[in-house]
Amino acid sequence: GDSILHVVPELKALLPFRNSEFEGRYRRDFVDYKDTSLDNSGYAEYSSALRLRFSSHDMLEFTGTLTRGWAETLQFDVGELTFHGEPYRHNTWGVGLSREVLGRRGYSLRIQRMDLNFDADADVRFFDFRANSLEAEYREPVRENLWILTTIRLENADHFCRNFDPSGALC
């Protein structure tokens, strides 16, 4: 095993306008392994959200997150080194529409796309990943600040290989 220290500073800016807001964030994960030596580790993440609030109490939200980093180093039972700091890109995009008013019925609809890609130059056998999701939620009030929620979620996910391992075989 190895001991790992994460230090994660984050900067968040919120820009309100009218009844809406724009939020921007930057997060950086600095990673230090006690026993493992790596040239690069951690990640940098940029995220944003645009929330448009309407007089009907509906909110339309657009979100996006871009992450660039290096896979954490993992070794199981003193066996094969599974990840060893390979560079990756992780992107998430979404749009949602919702309504939440104290003591009233509400809803939430959300569509999201996620992509995870390892660097094409990595000499390891890793799968890239792509997923899409659709979620609908109904909110029935029980009291002014208490709801019963019913959620339906549909996901479609796939992993695929774009790289060859060091022996030339497709991963």
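**Figure 1. Salt bridge between arginine 99 and aspartate 58 in the predicted model**. Arginine 99 and aspartate 58 form a salt bridge in which the closest N and O atoms are 2.9 Å apart. The term salt bridge stands for a side-chain nitrogen of Lys or Arg within 4 Å of a carboxyl oxygen of Asp or Glu. The two residues are 41 apart in the chain and link distant parts of it: aspartate 58 belongs to strand 5 (residues 58-70) and arginine 99 to strand 8 (residues 87-99). Strands are DSSP runs of E with at least two residues, helices are runs of H or I with at least four, and both are numbered from the N terminus. Aspartate 58 counts as buried because its relative accessibility is 13%, and arginine 99 is partly exposed at 27%. Buried means under 20% relative accessible area, exposed means over 50%, and partly exposed lies in between (1.4 Å probe, protein chains only).

The model is predicted, so local features need pLDDT of at least 70 and side-chain atom pairs count only at pLDDT 80 or more, whereas totals for chains, interfaces and linings use all residues. Residues are numbered from 1 along each chain as its sequence is written, and side-chain values use heavy atoms, with hydrogens and water left out.

**Figure 2. Salt bridges of glutamate 23**. The side chain of glutamate 23 meets that of lysine 12 in a salt bridge of 3.8 Å, N to O. This pair links distant parts of the chain, with lysine 12 in strand 2 (residues 10-17) and glutamate 23 in strand 3 (residues 20-33), 11 residues apart. A salt bridge of 3.3 Å, N to O, joins the side chains of glutamate 23 and arginine 51. Arginine 51 lies in strand 4 (residues 42-53) and glutamate 23 in strand 3, so this pair ties together parts that are 28 residues apart in sequence. Glutamate 23 is buried, at 11% relative accessibility; arginine 51 is buried as well, at 13%. Lysine 12 is partly exposed, at 46%. A network of salt bridges links Glu10, Lys12, Glu21, Glu23, Arg25, Arg27, Glu45, Arg51, Arg53 and Glu61. The count of salt bridges comes to 17.

**Figure 3. Surroundings of serine 47**. Serine 47 is found in strand 4 and is buried, with 16% relative accessibility. Apart from its neighbours within four places in sequence, serine 47 is in contact (heavy atoms within 4.5 Å) with Glu23, Gly24, Arg25, Gly64 and Thr65.

**Figure 4. Polar contacts of aspartate 115**. Aspartate 115 is part of strand 9 (residues 106-118). Its relative accessibility is 14%, so aspartate 115 counts as buried. The side chain of aspartate 115 is joined by polar contacts to the side chains of arginine 113, at 3.3 Å, and arginine 130, at 3.0 Å. A polar contact is a pair of N or O atoms within 3.5 Å; within protein, one must be able to donate a hydrogen and the other to accept it, and residues adjacent in sequence count only if both atoms are side-chain atoms. Not counting residues up to four places away in sequence, aspartate 115 touches Arg89, His90, Asn91, Phe129 and Arg130.

**Figure 5. Arginine 139 and its contacts**. Arginine 139 is found in strand 10 (residues 128-143) and is buried at 11% relative accessibility. Its side chain makes a polar contact of 2.6 Å with the side chain of glutamate 137. The C-alpha atoms of arginine 139 and leucine 149 are separated by 4.7 Å, with the two residues 10 apart along the chain. Residues up to four places away in sequence aside, arginine 139 touches residues including Arg99, Glu100, Tyr107, Trp147, Ile148 and Leu149.

**Figure 6. Nonpolar surface patch of Leu5, Val7 and Phe30**. Leu5, Val7 and Phe30 make a nonpolar surface patch of about 280 Å². Patches are made of residues with over 30% relative accessible area and no salt bridge; like charges are joined within 9 Å, and nonpolar side chains (Val, Leu, Ile, Met, Phe, Trp, Tyr) within 5 Å. Leucine 5 is found in strand 1 (residues 4-7).

**Figure 7. Strand 6 and model confidence**. The protein chain has 11 strands and zero helices. The term pLDDT is the predictor's confidence in each residue, from 0 to 100. Where pLDDT is low, the predicted coordinates should not be read in detail. The mean pLDDT of the protein chain is 84, and 78% of its residues reach 70 or more.

Conventions: Accessible areas come from the Shrake-Rupley method with a 1.4 Å probe; for residues, only the protein chains shown count as cover.
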